[in-house]
Amino acid sequence: MSDVQVERKIAAAPEAVWTLVSDVTRMGEWSPETVGCAWVGDQKQPVVGARFKGRNQSGWRKWSTVCKVVEAERGKSFVFEVKGGPVDVSLWEYRFEAADGGTRVTESWTDRRPKLMELISRPLMGVSDRASHNRETMQATLERLAAAAESAHA
């Protein structure tokens, strides 16, 4: 079960919205906290097993994580796990469902950090309540994603 889940209807086809989300090199355009992502390793496309590095920033604080795609079904789902070294950090899920001539996008975040890592990350990232913070940034992400998808669809 996710810790935070937000959804938004977007006036574009599920495949079109999936294509935007699964192009991780564009994540910095949607997310207020992720400033960029780049594929790493041999696989440089959104398929299960592909890895990418995410660069994040909150205020003056910066950090990066390695992510691995664990589910990728065109027009339906894009899911990746985040690790900090060998430690599980989180699971991010994007689900896409046709709805009223557009797409209902559901973004979910599941916190997988061990308690000690959760405590250490608060001062390092400048976020005391990660769930509330993520809810706000996820809503902003979906707003920005909708603007891009709907302008391309128009």
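Quick note on terms before the points: buried means under 20% relative accessible area, exposed means over 50%, and partly exposed is in between (1.4 Å probe, protein chains only). On that scale Arg8 is partly exposed, at 23% relative accessibility.

1. What we're looking at. This is a predicted model, with local features needing pLDDT of at least 70, side-chain atom pairs counting only at pLDDT 80 or more, and totals for chains, interfaces and linings using all residues. Residues are numbered from 1 along each chain as its sequence is written, and side-chain values use heavy atoms, with hydrogens and water left out.

2. Salt bridges overall. Searching the whole structure turns up 9 salt bridges, where a salt bridge is a side-chain nitrogen of Lys or Arg within 4 Å of a carboxyl oxygen of Asp or Glu. I've picked out a few of them below.

3. Arg8 and Glu143. These two side chains form a salt bridge at 2.9 Å, N to O. The pair ties together distant parts of the chain: Arg8 belongs to strand E1 (residues 4-10) and Glu143 to helix H4, 135 residues apart. Helices (H or I, at least four residues) and strands (E, at least two) are DSSP runs, numbered from the N terminus. Glu143 is partly exposed too, at 45% relative accessibility.

4. Ser132. Helix H4 covers residues 130-153 and includes Ser132. Ser132 sits 129 residues from Asp3 in sequence, yet their C-alpha atoms are 9.8 Å apart in space. With a relative accessible area of 36%, Ser132 is partly exposed.

5. Strand E5 (residues 77-84) pairs with strand E6 (residues 87-99) in the antiparallel sense over 8 bridges; two strands pair if DSSP finds at least two bridges between them. Phe80 is opposite Trp92 in E6. The hairpin has 2 residues between its strands, and Gly85 in the turn has a positive phi of about 65 degrees.

6. The E6/E7 hairpin. E6 also pairs with strand E7 (residues 102-111), antiparallel over 10 bridges, and Ala99 faces Gly102 in E7. Again 2 residues lie between the strands; here Asp100 in the turn has a positive phi of about 50 degrees.

7. Is Glu93 buried or exposed? Glu93 is buried, at 18% relative accessible area, while its salt-bridge partner Arg95, 2.8 Å away N to O, is partly exposed at 30%. Arg104 and Glu97 make another salt bridge at 3.4 Å, N to O. Arg104 is partly exposed at 29%, as is Glu97 at 46%. A network of salt bridges links Glu7, Glu97 and Arg104.
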